Amino acid sequence: MEIISGFSKLSKKQKLAWLAAQIAERQSDTNQQEFIADFESYQHRDPKVQKLYDEFSENTLTNFYMPYGLVPNVLMNGKLYAIPLVIEESSVVAAAAGSAKFWLERGGFKAEVIDTKKVGQVHFLWEGDFKKIDVLFDELRELMLDNTALITANMRARGGGILDISLVNMTEVEPNYYQIKATFETCESMGANFINTCLEEFARTLKDWAANSEHFVGREKEPLVVMSILSNYTPECLVRAWVECPVNELGYFEEMPPEMFAYKFSKAIMIAKNDPHRATTHNKGIFNGIDALTLATGNDFRAIEACGHTYASRNGKYQSLTDCSIENGVFKFWIEIPMAVGTVGGLTSLHPLVKKSFEILGNPSVKELMELMAVIGLAQNFGALKSLTTTGIQKGHMKMHLLNILKHFEATENEVKQAVEHFKNNVVSFRSVRDLLDLVRIEQPIA
Ligand code: MEV
């Protein structure tokens with residue numbers, strides 16, 4: 001690849017032509033026209049919609065397709081939902097659908113939002129006596145609230161806004177280091193822009209206030225703002241979801257009695273509580289569901305994942321985000337997870353399929369969406385642990401693997417049926433599938 005300046009100024013056609021030429025330089029058999037046509041074939045047929053997609057990001061060449069699946073039969077708080085999931089990994093949607101059906105017959109999922117507070121910080125250095133700024137902080141807080149009054153007017157009208165502003169002394173960590181820590185209620189929006197705009201106003205107010213205060217002299221008049229930014233760690237924007245039923249109603253899992261299933265399940269949780277290697281995979285499975293719903297609803301999956309992993313470490317060790325108990329013959333399984341999402345703003349009203357996702361979900365409130373996120377994470381984790389502690393994970397995966405290999409060999413419907421039956425008791429591999437198809441095709445040649 002060669003260095004290029006002004007790439008962003010090129011038209012999409014020019015960008016693709018440049019890239020095709022670069023690839024051809026590396027791979028001499030590249031057909032540049034075909035290379036470009038391949039990219040162009042994923043463009044949306046409606047130029048207006050394509051423009052919308054292009055403008056979500058920068059230097060866009062085309063669209064990247066991902067499967068958009070649906071998990072029906074999700075009963076949450078007595079209401080039935082179908083949950084859209086955008087994910088490339090096979091078995092995730094199937095596992096969530098299996099769990100949804102399983103719990104549908106056992107009272108469904110329950111969920112509740114514990115709190116919805118978000119956090120932002122202005123990090124600054126200040127050379128002075130902490131007691132002095134601490135005593136004067138009420139005055140600064142009032143000024144910050146006044147100076148952000150216009151920014152917060154709409155949010156306040158909707159019942160949100162700035163909840164609290166405090167001064168945090170961080171000088172034990174680093175000399176002269178302080179924070180202004182603020183908490184916010186951002187109602188139906190994720191609130192990143194709102195919070196960051198408020199924080200930058202706080203920073204300006206801090207500098208003006210210090211410069212003009214008669215109480216300060218010399219360097220005290222010059223706080224150095226390092227940065228102003230929301231925190232994606234939102235432990236007070238928290239949701240809980242759970243399922244429960246008498247152990248004997250869990251039913252048999254193949255040959256395994258419900259008591260043994262509940263016991264092994266609880267040990268799987270114990271392992272994920274104690275071993276970070278297992279906890280990481282365990283939580284990854286939870287995020288298989290949460291990320292997929294986050295994408296389908298145009299929310300920020302990086303923020304939600306980062307926050308979830310920090311929360312999983314809140315006790316000083318990385319642990320499972322789910323927990324379970326077996327008490328008085330009742331099996332209970334739950335998740336508690338921070339969930340900073342929005343139902344307005346960002347992509348939510350722009351991306352055509354995000355709008356459809358909200359329609360499918362019945363245009364949920366932000367609290368309802370938080371609950372659905374926790375439920376899909378819990379459902380996903382239940383499905384994974386159910387497989388892991390009974391048949392093993394490969395059984396389901398191998399079925400998908402088998403179907404993919406069959407697709408590769410362009411198997412007919414009848415051949416697929418025979419192969420699925422055959423591989424219930426045989427090991428799936430590319431070669432074994434090919435051998436079986438050879439045999440079937442000799443016996444029943446394709447017309
Ligand atoms: C695979 O994407 C997710 C699992 O590994 C999760 C788990 O092990 O709990 C199946």
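**Sheet edges and positive phi values in a predicted model**

Biologist: In which order do the four strands of the open sheet stand?

Modeller: In this predicted model, the pairing within the open sheet of four strands is antiparallel. The order of the strands is E3-E8-E10-E9.

Biologist: Which strands stand at the edges of this sheet?

Modeller: An edge strand here has a single partner strand, so one side of it is left without a neighbour in the sheet. This applies to strand E3 (110–116) and strand E9 (322–327).

Biologist: By how many degrees are neighbouring strands of this sheet turned against each other on average?

Modeller: The angle is taken with direction ignored.

Biologist: Which residue in E10 does Asp-323 stand opposite?

Modeller: E9 and strand E10 (residues 330–338) run antiparallel and are joined by six bridges. Opposite Asp-323, the residue in E10 is Trp-334.

Biologist: Is Ser-91 buried or exposed?

Modeller: Ser-91 lies in the loop between strand E2 (79–86) and helix H4 (92–104). Its phi is near 80 degrees, a positive value in a residue other than glycine. The relative accessible area of Ser-91 is 18%. Buried means under 20%, so Ser-91 is classed as buried.

Biologist: What is the relative accessible area of Asn-73?

Modeller: Asn-73 is placed in strand E1 (residues 68–76). Asn-73 has a positive phi, near 65 degrees, although the residue is other than glycine. Asn-73 is partly exposed, and its relative accessible area is 29%.

Notes:
Residues numbered from 1 in each chain as written. Predicted model: local features only at pLDDT ≥ 70, side-chain atom pairs only at ≥ 80, totals over all residues. Heavy atoms only, no water. Helix = DSSP H or I, 4+ residues; strand = E, 2+ residues; numbered from the N terminus. Buried < 20%, exposed > 50% of the residue type's maximum accessible area, 1.4 Å probe, protein only. Pairing = 2+ DSSP bridges. Axes fitted to C-alpha atoms, helices over the stretch in contact; angles between N-to-C directions.
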